[in-house]
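This briefing goes through parts of one structure, topic by topic. Keep the sequence and the 3D view open while reading.

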Amino acid sequence: MILASCLLTVLGTAQEKNKIRFGKISPEDFQKTSYDLDTGAHAVILADIGSSEFEAEKDHFRLVFKRHRRVKILDKAGYDAATEELYLRKFSYNSEDKVSNLKAATYNLENGKVVETAMDSKSVFTEKLDEDFIRKKFTLPAVKEGAIIEYSYTIYSPSTSYLRAWNFQGEYPCLWSEYTVGIPEFFDFIFIAQGYHPFESKTREDVRKTFAFRFDRESSYGSKTGQTDSYSVGANVSMYRWVAKNVPALKEENFTTSISNHISRIEFQLSARKYPGQAVEEVMTTWPKLRELLMKDESYGIALGKNNGFMGDEVTMVTAGATSDEEKARRIYYYVRNNYTCTDHSSLAMDKPLKTVFNSKSGNVSEINMVLVAMLRKAGLNAYPVILSTRSHGFANPLYPMINRFNYTIAEVSIGDKTHFLDASYPLGFDKLHVSCYNGHARILDEEVTAVQFDADSLLEQKLTSIILRTEDGKLKGAFQQRPTYFESYALRSQVKEKGKEEYFKSLDKVFAKISNPDIEDLDSLETPVMVKYEFEYETNDEDMIYLNPMFSEATRNNPFKSLDRKYPVEMYSAMDEIYTLNMELPAGYDVEELPKSTLVKFNEDEGVFQYVIARTGNIIQFRSRIKLNKATFPPEEYATLRDFFDMIVKKQGEQIVLKKKK
Amino acid sequence: MYRLLNVLCLLMLSGSAFAGDPVYPALMIPAELKEKAHSVKRWEEISFRLVSTHETRLTEHYVITVLDPNGDDDAALTAGYSKLTEIRSIRGVLYDAAGKMVKKLKQSDISDESFSSGGTFATDDRVKRHNFNYNVYPYTVEYEIETRYNNTFLFPYWLPRSASSMAVEQSRMVVTVPKDYQLRYQAYNFAGNPQVSEEKDMRTYTWEAKNMKVAPAQVFAPALWRRTTFIRFSPSEVEMDNYKGKLNTWEDFGRFFYALNEGRDQLPETVKQTVHQLTDNLSSPAEKISALYRYLQQTTRYISIQLGIGGWQTFDAATVAAKGYGDCKALSNYMQALLKEAGIRSHYTLVHAGPGENDFDETFSSNQFNHVILCVPLGKDTTWLECTSQYIQPGYLSGFTSNRPVLLVTEQGGKLVRTPVYKAEQNLQLRRIDAQLHPDGNLQATISTRSTCEQQDDLQERFHRQSKEKITEWIRTSLSLPSYDVAHYDYKVEEGAMPAIREQLSLTARNYASTSGKRMFLEPNVLAKSRSRITTETDRRSVIHLPFAFKDEDTVNIALPAGYVPESIPKGTTLRTRFGTYTSSITVKDNTVTYIRITQHNGGDYLPDSFAELEKFYDDIYKADRCRVVLVKRE
């Protein structure tokens, strides 16, 4: 998935330059109204040019991000491209990212002349989003069909950690996307590039630069004197430059974990600061270092290293009488799961101290599962937090310990030679994870920072359905039993919780006539899938011919893969195994006219199978259908096969049994 | 400001927040109130006080017991504010099942976020939220929110049952105004009159509701205020910023809005010249309206900006001319100025917009509006203009604003009129399908569809706003067919007084007919299968509100594969109900199945007791739409 990584070699010096200059627009620029790259586009990014460089600012480095973007609005549906949002980070002590030199203008061609309309500075709207971010928004004036808009701005950041990432791809196709990053020798960054679109050029050039710092001179007592000292330092600066040309617009598809895994993008992670005359400050280079930092962090693991006496009574009470370590672990898990409310399922940081979370019985997913880990430890068990990234958050990088790639904490507990993964933030069983957690790479924060994989491919979800039809008093009476998959059971449980069993069966009433004895077993246990049971009547209406689908409403009626082609891999939630059986007694007075044919179809040799088996013995018809796929992820090349496989299933499962009244 | 907040915090720490108040053990809730409820409002008092001609105070104090996790949201605090309103304090306490205090709200736990609804570019609306996030049920929360309004335009409402699964033990609304101030209100589903008491020069009105059971959600329900106890309040005299006025009648209401916007129609000289260039050579007013409306659509776009009084008052026309954008108020006002320059009179018109949201109380003049359109009276013909759309035809109002009362804002005051109704025959979808069925069950079909008026609103929106790639993807994936490949798709927007869209589609529906041995099972209704059925409501109490009237006509010809003959042909279906009609017929001739389906939904309001009939109408259509022809291969 990850195409390029850190060490960029010098790839040559022949650099193609983009010659656009702010405000230099000629009538010729308006001639083109359609672009081969995407003839259906409503707006085209003509150029998107950015740079990030370090600068001396008083006594520290600051990051300077510059951007210049020019967009052609082709028609009204492209008007949204004329609105831009900037996200600015706030740091402590009143310091925050600052925007300056914001220029924006719209150009229209009127009577052969370029008419410029500049945006006035009052049109920028500032919004405080939360404690950490400010959003600035602006929209350009005089936007009409065919207009060219452009804007440029600079963002000064007091922090050297957040070197801005660059998306070469976005909602609109882009003719030229370029990012330059200058890194002085005092900083080490890891570069991570992803996506499928190749770079036009990728270069590195080392230059010499001087950074001039100014320090406030302090008196010998430490007070300010109003005088400053200057200090200049020369350093090698590596100038990296990436150019991508003719990048297509991003396309959203079904069965994708997160589009963020597929966008063409480069991002950076600070790994070390190496200021002259100072020891090298490793920021985040190895997994053990990441673990160490996290476990010392006030807003993460610091409390796990403490005695946490405040939870002693609770742990003793919850585990009283438990005869085994597993029973202790289970009791603590159920206790946290049942008593704590999760307020946010995407947060790695703990916003509150462990004690506050413990007492308030609510918190984000990391806070709740940290309470779980702490309680397990308090009970003498060997428990660790596990960090992972949920499906919608994109993959965590298995090579580089990048903290911002993680957004979730679960708990790991080892008992004997068994390892259990627990998540108390959802109503789940012991050792069960939520579907969103099956997203590949995760790390246990034990001494070895053990890597674990939660792959959808390795998770098998089974579903068993059985219908038995018997003739009673000249009527066909059915008994339905279904054990849905664990994930389906999870959804069903919340549906029943919200609307009640009655409403759930009411919706079934419209499928089968006269439902009786409805029941859902294992609704409360959460450890296993539920079991849905009911009885129903099947009306033959004394017709001469009866046509019935042996799968009733359980047939796969629609192919989930509608689209003809596919750009990105298909990422389903799990491997699947769905078995359906029917045992049916022929209704009195009828005989079989025709039965569907049995069949067996394999998917990619051994990666899946579809069985459809039907046979008659005396007055009993026995039927079985099974869909089995051994993996959840399919590369785009396998898309057509997958689509055909489901086409075949839809076709086969639509077939009918034909019964004829005996003469 | 900072100091003031500190003082408030200190005060709150020093005094017990709700000392001496009664406690609310969950045990005390009457059993019949708990029936189907996820939460119960135990006690509530909303006090609204007119402090001066330009200031009011609102105190909302309530106690809610949450019975289970689905009631959690009912107990969460959401308090909106803006430049026109200021939240002065929020207090809160959490109690356990026994009514014992668990904890008090900490000010630092209140979040403060921008409240921008979808599509809003800029707003000063913000919201404070708080939640105790407790999960030992039942539990009880108590909140008190004090809000100050710096105007007398925004009045509160009283809605005791503020969530659909909430029961109410007791709720009171207390409004205090000076004796010489006429309090205007309209009560719905409330029997009797308020208690009135007087003290010094103030008069207090009190309404009270007790023991209200839950009112479960209903399909085809009228607006909330028609279904539950609700009181609307509206000022008789108003002051906002420097604007003052009376609001006793719809005339007053219109006059106030006229004053708010007066003098904001000055156009720059260049735009005036453009208006004359565009219209001076046109003879009829209709042509002039059309030309200027097209000019508006080409040179402006919709950007929603709601800041302070700007939530109610329009940007001036010169600003729109300079920036080329504005919200509904600004664009309508700008269009009005353009028309004025061309010598055509028009009215800025307030409307409550939303597809199907045409419930409106004409008998009580009050701010029931959320949108602005423009009305151009021309003798007997009136032209209506939706100024925020860059593409719809001049004169057409979509289902967003059609068929409802609106208020014309004129120099002489407000005037209530109705927007046009589009009838079932106008909201028409005509579809013809010619298809060949193949022996493998694949159906190759060419489909032409013409949709008019409100039946084309969504298509129109899609075709103008989405990228071609998204439209292609949509047609490739959205049809209710098991699996299909689109060979060709195009569409055409027809020009004309009534908007119409023609779509041409050819596709192959794979495995459309299921085959078993020598038989094929063919559902002749290819694309018009009704997808909705209604869940039984045994105790329907509210009126059945069907806002949409429409008609669909489908003709399907399917040529059968050689060698197949029908074994069973379903009978046609005819349904005639007060809600509409449905007929379908299936014939087989010359090896071709012909299916004709005509359905009409009348729309309108119906009494609750006809619900079972409506449910049956939907069920019967659902069933009839899935009838199938059985074909058998001749040996």
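Two residues are in contact if their C-beta atoms, placed from the backbone, lie within 7 Å. With that cut-off, V315(A), V318(A) and T319(A) in α2(A) meet K328(A), R331(A), I332(A) and Y335(A) in α3(A). The model is predicted.

**Helices α2 and α3 of chain A**

- The axes of α2(A) and α3(A) are 9 Å apart, and the two helices pack at an angle of about 115°.
- Their crossing is right-handed.
- Sorted by class, the residues in the contact of α2(A) with α3(A) are four nonpolar, one polar and two charged.
- Helix α3(A) covers residues 325-339, and its 15 residues should span 21 Å at 1.5 Å a residue; the end C-alpha atoms are 21 Å apart, which agrees with that expectation.
- An α-helix has 3.6 residues a turn, so residues three or four places apart point the same way.
- Which residues are buried in α3(A)? They are K328(A), A329(A), R330(A), R331(A), I332(A), Y333(A), V336(A) and R337(A).
- The cover over the buried residues of α3(A) includes α2 (312-319), α5 (365-378), β19 (408-415) and β20 (418-422) of chain A.

**Chain B as a whole**

- Chain B has 12 helices and 39 strands.
- The C-alpha trace of chain B spans about 95 × 75 × 45 Å along its principal axes.
- Of the 635 residues in chain B, 37% are buried.
- Among the contacts in chain B with a separation of 6 or more, 72% are between residues 24 or more positions apart.

**An open sheet in chain B**

- Strands of a sheet pair through backbone hydrogen bonds, either parallel or antiparallel.
- In chain B, three strands form an open sheet in the order β3-β8-β6, with antiparallel pairing.
- Why is one side of β3 and of β6 in chain B left without a neighbour in the sheet? Strands β3 (77-81) and β6 (111-114) stand at the edges and each has a single partner strand, so one side of each has no neighbour there.
- From one strand to the next, the twist of this sheet averages 25°.
- Strand β6(B) is joined to β8(B), residues 126-130, by four bridges, and the two run antiparallel.
- E113(B) has V127(B) in β8(B) as its bridge partner.

**Strand β4 of chain B and its partners**

- Strand β4(B), residues 85-95, pairs with β9(B), residues 139-149, over 10 bridges in the antiparallel sense.
- Opposite G92(B) stands Y143(B) in β9(B).
- Strand β4(B) is also joined by three bridges to β5(B), residues 101-104, and these strands run antiparallel.
- M101(B) in β5(B) stands opposite Y95(B).
- The hairpin of β4(B) and β5(B) has five residues between the strands, and in this hairpin G99(B) takes a positive phi near 90°.

**Where chain A touches chain B**

- How many residues of chain A are in contact with chain B? There are 45, and they are in contact with 46 residues of chain B.
- On the side of chain A that touches chain B, at least two residues each come from β6 (125-128), β7 (133-139), β16 (341-344), α6 (486-509), β27 (545-548) and α7 (639-653) of chain A.
- By class, the residues of this side of chain A are 15 nonpolar, 14 polar and 16 charged.

Technical notes
Residues are numbered from 1 along each chain as its sequence is written. Chains are lettered from A and ligands numbered from 1 in the order in which they are written. This is a predicted model: local features need pLDDT of at least 70, side-chain atom pairs count only at pLDDT 80 or more; totals for chains, interfaces and linings use all residues. Two strands pair if DSSP finds at least two bridges between them. Axes are lines fitted to C-alpha atoms, for helices over the stretch in contact, and angles run from 0 to 180 degrees between N-to-C directions. The expected span of a helix is 1.5 Å times one less than its number of residues. A residue is buried if 20 or more other C-beta atoms lie within 10 Å of its own, exposed if 12 or fewer, and partly exposed in between; C-beta atoms are placed from the backbone. Ala, Val, Leu, Ile, Met, Phe, Trp, Tyr, Cys and Pro count as nonpolar, Asp, Glu, Lys and Arg as charged, and the others, Gly among them, as polar. A crossing is left-handed if the near helix is turned anticlockwise from the far one by less than a right angle, and right-handed if clockwise.
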